Amino acid sequence: MFYGGVIMSIKLIAMDVDGTLTNSKKVITERTKEALIKAQENGAILILASGRPTSGLMDFAKELEMDKHHGLLVSFNGSKVVDCESNKVLFNETMTVEEGQAVLEHLKNFNVKPMIDKDDYMYVNDVFDNEIIHDGKAINIIQYESRGGKFKLCEEHDLAAFADYPLNKILTAADSEYLKENYKAIMEPFKDKLSCMFTAPFYFEFTANGIDKAKALDTVLTPMGYKSEEMIAFGDGHNDASMLKYAGIGVAMANAVDDLKEIADEITLSNEEDGIAIALSKYMNI
C-alpha cells in the first residue's frame, strides 16, 4: 500500500473473533490458521480484538501460536489489552463501581439478561432463565456466553448490589426484536457517560466512556513504535467499525453488517470461506 508515496509493509493483523476469525462452528479453519501462523513467522504481530473476555480468547491465541510471537489480546471491546506471551496487562480501563451499579440497577426495568464476570465466574440473576430468541430460534445464551468465556456460573439475585468492584463490561442479552425496540431506552441515562453498543442483534453492551477497539490499539501500539498504516484489520460487526477506520487497510467480511461494509476499504469472503486468508494472500503474498 502507498501512503504519501511511501510503500508501507503490513506489520500488524487485527481481527475480531466471532463471525470473523472463526466460522459458525466457532472453529478457525485450517487455511486461515496456516496463513496467520505464516504471517507471524514473517514478522507480523497478530491481534485478537473482541467483545469476549480475555479468558475467551486464550485458546484461540494458543492455537495460532500467538504466545510465541507476542500476540496481543484486546478484550471486552477494547477495555483491556494483554500480551499473551508475557501475560502482562498493557491497558485496562473499567467503569467506576458507581457507573456499573447504576447500569445494573437501570436494567432491572427491562426484560433482559445482564451478565458480569469476576475472576473465574460469570454472574447472572437466574441460570435457568437462559433463553433468548433470534431469527425465530431459541438460544441458551447463558450457556453460550459462559462456555465461550471459559467461566463457571454463579447466581446473584441483585447484580447491582453485588457489583462492588470495577467492571470492564456489562453484557446484556435479550430477544433481538426486543432489543431493537428498547435499546434507546436502555442506553438513555448513559449515552453521554459510557460506551453503549450492539455487538450482535441480541447483545447490547456497556463499557467505560470512550472505550472501543481503536482506542485500545492506539494506546498500546503507538508507544511501541507502530503506525496505524501498518495494520490490516478484519471485522464483521458494529463494534469493529472503529478498528477498521483506524487501520491502514480495513477489511469487512462478506457476512458483515452493511454499516461496516460501507466504511471498509475492502470486502473479503465470509468467515465460512477463509476470508482472512484470502485477503492476506493479496496484501501479504501469504
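Predicted model: local features only at pLDDT ≥ 70, side-chain atom pairs only at ≥ 80, totals over all residues.

Which domains does the domain assignment of the protein give? The assignment gives domain 1 (12–92 + 211–283) and domain 2 (97–207); such bounds come from an automatic or database domain assignment.

Residues are numbered from 1 along each chain as its sequence is written, and side-chain values use heavy atoms, with hydrogens and water left out.

As to confidence, the average pLDDT of the protein is 95, and 97% of the residues score at least 70; pLDDT is the predictor's confidence in each residue, from 0 to 100. Over residues 1–7, however, pLDDT stays under 50, and the model has ten contacts beyond four places in sequence for them. Contact here means heavy atoms within 4.5 Å.

Let us return to the domains. Their C-alpha centres lie 24 Å apart, and the contact takes 16 residues from domain 1 and 15 residues from domain 2.

What lies between them? A nonpolar core is a set of buried Ala, Val, Leu, Ile, Met, Phe, Trp, Tyr and Cys residues joined through side-chain atoms within 4.5 Å. Buried means under 20% relative accessible area, exposed over 50%, and partly exposed in between, with a 1.4 Å probe and protein chains only. This largest core has 51 residues, and I47, L104, I116, I170, F206 and M231 have the most contacts inside it. Helix α7 (residues 213–224) contributes its largest share, five residues. Apart from this core lies another, of 28 residues, among them L21, I28, M66 and I249.

M231 deserves a moment. Beyond its neighbours within four places in sequence, M231 is in contact with residues including L12, I47, L217 and I249. Strand β16 (residues 231–235) pairs with β17 in the parallel sense over four bridges, and I232 stands opposite I249 in β17. Strand β17 (residues 249–252) is covered on both faces: I249 and V251 on one side and G250 and A252 on the other are all buried.

I turn now to a sheet of six strands. It is open, with mixed pairing, in the order β12-β9-β8-β13-β15-β14. Two strands pair if DSSP finds at least two bridges between them; helices (H or I, at least four residues) and strands (E, at least two) are DSSP runs, numbered from the N terminus. At the edges stand β12 (152–155) and β14 (194–200), each with a single partner strand, so one side of each is left without a neighbour in the sheet. Strand β9 (residues 121–124) runs parallel to β12, joined by four bridges, and V124 stands opposite E155 in β12.

Helix α3 (residues 97–106) packs on this sheet, touching β8 (113–118), β13 (170–173), β14 and β15 (203–208). Helix α6 (residues 176–187) also packs on the sheet, touching β13, β14 and β15.

Not counting residues up to four places away in sequence, A173 touches V112, K113, M115, I132, I141, F202 and Y203.

Technical notes:
Axes fitted to C-alpha atoms, helices over the stretch in contact; angles between N-to-C directions.
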